[in-house]
Amino acid sequence: MVGLAVLTPLCLAPAQAQEAAAAIDDLKKLSVEELMNVEVTSVSKTGETLGDAAAAVAVVSGEDIRRSGATTVPEALRLVPGLHVARQTSSAWAIGSRGFSNVNSEKLLVLSDTRSIYTPLFSGVFWDVQDYLLEDIDRIEVIRGPGATLWGSNAVNGVINITTKRAQDTQGLYLEAGGGTMER
């Protein structure tokens, strides 16, 4: 899934809301060549276009996450093709790539704004501890495949980079309400 993040804060002035709606309409009109110009940073640790990246990268935008109804980062990762996401218990997730998924995810490097978020206890990720406000996530970049030569030993099966919005883009009031059970 290739997407482009469109920043649409909840409390926009009418002029800003119209501008954000126009940006979404413009995104729908992009060609394949224009979509290949989406900027990613996870492949070579520098900004480059998706078309120039030397890896298979999936980008899930903040708008994709909002529209999916996901309430946690692992649920948002279910949008990525080729990534295996399974719920083990009410709080434990098994996430993996290339057929190797377990609760620890020690062979999958997970980054938050290019900083590793693994626990030094077993070099894996406690997914129940990663408590992001999904509205603050700009995009999630996922590289499926070996990335250990660039990123280190944890990136044997891939890299997940969760990129959050800048602090100045998250100012203002944010309210969210919901109801139901975990399944509905």
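The structure is a predicted model, in which local features need pLDDT of at least 70 and side-chain atom pairs count only at pLDDT 80 or more, while totals for chains, interfaces and linings use all residues. Residues are numbered from 1 along each chain as its sequence is written, and side-chain values use heavy atoms, with hydrogens and water left out. The chain has 5 helices and 10 strands, where helices (H or I, at least four residues) and strands (E, at least two) are DSSP runs numbered from the N terminus.

**The chain as a whole**

- Of the 184 residues in the chain, 38% are buried, where buried means under 20% relative accessible area, exposed means over 50%, and partly exposed lies in between (1.4 Å probe, protein chains only).
- The chain exposes about 10,500 Å², of which carbon and sulfur atoms supply 53%; accessible areas come from the Shrake-Rupley method with a 1.4 Å probe, and for residues only the protein chains shown count as cover.
- Among the contacts in the chain with a separation of 6 or more, 54% are made by residues 24 or more positions apart, a contact being heavy atoms within 4.5 Å.

**The sheet around β10**

- An open sheet is formed by 5 strands in the order β3-β9-β10-β7-β8, and its pairing is mixed; two strands pair if DSSP finds at least two bridges between them.
- The edges of this sheet are β3 and β8 (115-116), each of which has a single partner strand, so one side of each is left without a neighbour in the sheet.
- Strands of a sheet pair through backbone hydrogen bonds, either parallel or antiparallel.
- Strand β7 (residues 109-112) runs parallel to β10 and is joined to it by 4 bridges; Leu111 has Asn161 as its bridge partner in β10, and Leu109 has Val159.
- Strands β9 and β10 pair in the antiparallel sense over 7 bridges, and the bridge partner of Glu141 in β10 is Asn161.
- Strand β10 is largely enclosed by the rest of the structure, because 6 of its 7 residues are buried.

**Nonpolar cores**

- The largest nonpolar core has 24 residues, of which Leu77, Ile95, Trp127, Ile140 and Ile160 touch the most other members; such a core is a set of buried Ala, Val, Leu, Ile, Met, Phe, Trp, Tyr and Cys residues joined through side-chain atoms within 4.5 Å.
- At least two residues of this core come from each of β3 (57-61), α4 (73-77), β4 (83-87), β5 (93-97), β9 (137-144) and β10 (158-164).
- A second, separate core has 10 residues, including Val57, Ile143, Ala155 and Val159.
- In soluble globular proteins, nonpolar side chains tend to be buried together.

- The whole structure contains 5 salt bridges, a salt bridge being a side-chain nitrogen of Lys or Arg within 4 Å of a carboxyl oxygen of Asp or Glu.
- Side chains of opposite charge can pair when their charged atoms come close.
- Glu63 is placed in helix α3 (residues 62-68), and with a relative accessibility of 9% Glu63 counts as buried.
- The side chains of Arg66 and Glu63 meet in a salt bridge at 2.5 Å, N to O; these residues are 3 apart in helix α3 and are therefore separated by about one helical turn, and Arg66, at 46% relative accessibility, counts as partly exposed.
- A salt bridge also links the side chains of Glu63 and Arg67 at 2.7 Å, N to O; both residues lie in helix α3, 4 residues apart, about one turn of the helix, and Arg67 is exposed, with a relative accessible area of 54%.
- Elsewhere, the side chains of Arg166 and Asp169 meet in a salt bridge at 3.3 Å, N to O; Arg166 is exposed, with a relative accessible area of 52%, whereas Asp169 is partly exposed, with 24%.
- Salt bridges that share partners join Glu63, Arg66 and Arg67 into one network.
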